[in-house]
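Have a look at the chain below, then read on.

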Amino acid sequence: MFENIYIHIGSHKTGSTSIQEFLNVNSENIAEYGYLYPTELLKWSGTHPIAWHLGVSHPHYDPDADYEVYVKNINASKNQNLILSSEDFEFLNEVGIVALKSLFPAKNYHIICFLRNPYDYFVSDYSQNIKMYESRCILHPAEFYIKNKFLDRLNYTFILDKWSRVFGEASVVIRPYYGGIDVVSEFLDIIHLQENAYQATPARSNVSYSPLATATLRKFNSSELTLAQHSQLKNMLSKNDQKEYYDYSLVSEQFSDIIYNDYLPSIKRFCERYNVDEAFFANKPPKGKKTITNEDVSSFMMKLVVSQLDNQGL
């Protein structure tokens with residue numbers, strides 16, 4: 001039985017991959033200090049297969065993997081502390097959470113969750129789904145919001161209460177996530193490890209696009225592009241992006257207000273229940289941004305064509 005199990009449940013879009021890459025690279029180093037980060041069945045540096053095995057649907061789930069042996073090997077470890085990290089733990093239902101607890105016995109459990117401002121979370125996830133070749137999202141904000149059940153995903157009380165009921169409210173550790181935060185250092189502080197004792201991981205390259213460039217990419221996503229073409233297109237968007245394009249918003253003010261009024265009651269309950277900063281989580285969406293029109297997107301597309309012709313010396 002472990003002395004402590006630290007279960008990092010995300011949430012999505014809060015630097016989880018940076019934490020997982022750090023733990024993966026430093027798995028041998030932290031083992032010397034009594035911390036096990038199991039690397040036997042990792043996917044993209046995270047312990048996502050555990051979440052998938054416990055009921056979270058995912059196309060990369062391998063039902064033929066020997067999870068019984070995997071769990072047995074973890075529990076046979078001589079380390080006092082176990083770390084599990086997957087943002088897909090966020091989607092476990094209560095039955096899956098109970099099963100997770102039964103798989104890995106411990107004296108103490110710590111449920112670690114980083115959370116964004118809800119509106120920022122929605123916009124970030126929407127933008128990422130437009131940028132990723134695997135998803136190549138072509139939906140407009142309202143369609144994406146409804147299809148991906150964001151009213152539920154922004155109900156932080158619902159997400160965390162499942163974990164509180166199984167492990168106890170005192171076991172839940174919540175940290176706000178915002179631009180500029182060193183999420184790895186914050187995580188290591190929570191689990192009582194010092195980052196400077198271990199090997200740093202390379203900075204992750206996640207190119208940020210302006211709202212107008214992102215909307216233009218959304219338009220291109222309706223075309224049948226290969227992965228290479230999609231990558232080249234994103235490179236062109238990045239090179240032709242302009243500072244003034246950040247004055248736009250992917251989401252109209254009208255729909256921003258709808259989203260905000262949707263999640264505000266649940267966020268107020270969440271802040272009161274878990275004693276977190278309401279000023280951060282209930283902060284209103286930004287105002288005064290330009291709404292992106294079809295003409296704006298067409299203009300940017302024409303700019304890309306001209307840029308490509310210039311590169312070819314035409």
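Which helices each supply at least two residues of the lining of the second largest pocket? They are helix H11 (211-220) and helix H15 (294-311). Keep in mind that this is a predicted model, where local features need pLDDT of at least 70 and side-chain atom pairs count only at pLDDT 80 or more, while totals for chains, interfaces and linings use all residues. Residues are numbered from 1 along each chain as its sequence is written, and side-chain values use heavy atoms, with hydrogens and water left out. Helices (H or I, at least four residues) and strands (E, at least two) are DSSP runs, numbered from the N terminus.

**The second largest pocket**

- A pocket here is an open set of points on a 1 Å grid over the protein atoms alone, with protein on both sides within 12 Å along at least five of seven lines; lining residues have an atom within 4 Å of a point.
- The second largest pocket comes out at about 350 Å³, where a volume is the space filled by probe spheres set on the points, and points are joined across faces, edges and corners.
- It has 17 lining residues, and His140, Arg218, Ile292, Asn294 and Val297 are the closest to its centre.
- H15 gives the most to this lining, with 4 residues.
- By type, the lining of the second largest pocket splits into 8 nonpolar, 7 polar and 2 charged residues. Ala, Val, Leu, Ile, Met, Phe, Trp, Tyr, Cys and Pro count as nonpolar, Asp, Glu, Lys and Arg as charged, and the others, Gly among them, as polar.

**Cavities**

- A cavity is a set of grid points where a 1.4 Å probe fits but cannot get out, and there are 2 cavities of 30 Å³ or more.
- The largest cavity has a volume of about 50 Å³, and its lining includes Ser249, Glu253, Pro286 and Lys289.
- H13 and strand E7 (290-291) each put at least two residues into the lining of the largest cavity, which divides into 2 nonpolar, 4 polar and 3 charged.
- The second largest cavity is about 30 Å³, with Ile50, His53, Leu54, Tyr67, Val71, Leu103 and Phe104 lining it.
- Helix H3 (48-53) and helix H4 (67-75) are the elements that give two or more residues to the lining of the second largest cavity, and that lining has 6 nonpolar, 1 polar and no charged residues.

**Nonpolar cores**

- In soluble globular proteins, nonpolar side chains tend to be buried together.
- A nonpolar core is a set of buried Ala, Val, Leu, Ile, Met, Phe, Trp, Tyr and Cys residues joined through side-chain atoms within 4.5 Å.
- The largest one has 72 residues, and Ile7, Phe89, Leu100, Trp163 and Phe270 have the most contacts inside it.
- Helix H13 (residues 253-274) gives the most to this core, with 9 residues.
- A second, separate core of 20 residues includes Tyr6, Ile30, Tyr37 and Val173.

- Ser266 sits in helix H13 and counts as buried because its relative accessible area is 6%, with buried meaning under 20%, exposed over 50% and partly exposed in between (1.4 Å probe, protein chains only).
- Leaving out residues up to four places away in sequence, Ser266 touches Leu154, Asn155 and Thr157; contact means heavy atoms within 4.5 Å.
- Ser102 belongs to helix H5 (residues 94-103), and it counts as exposed because its relative accessibility is 55%.
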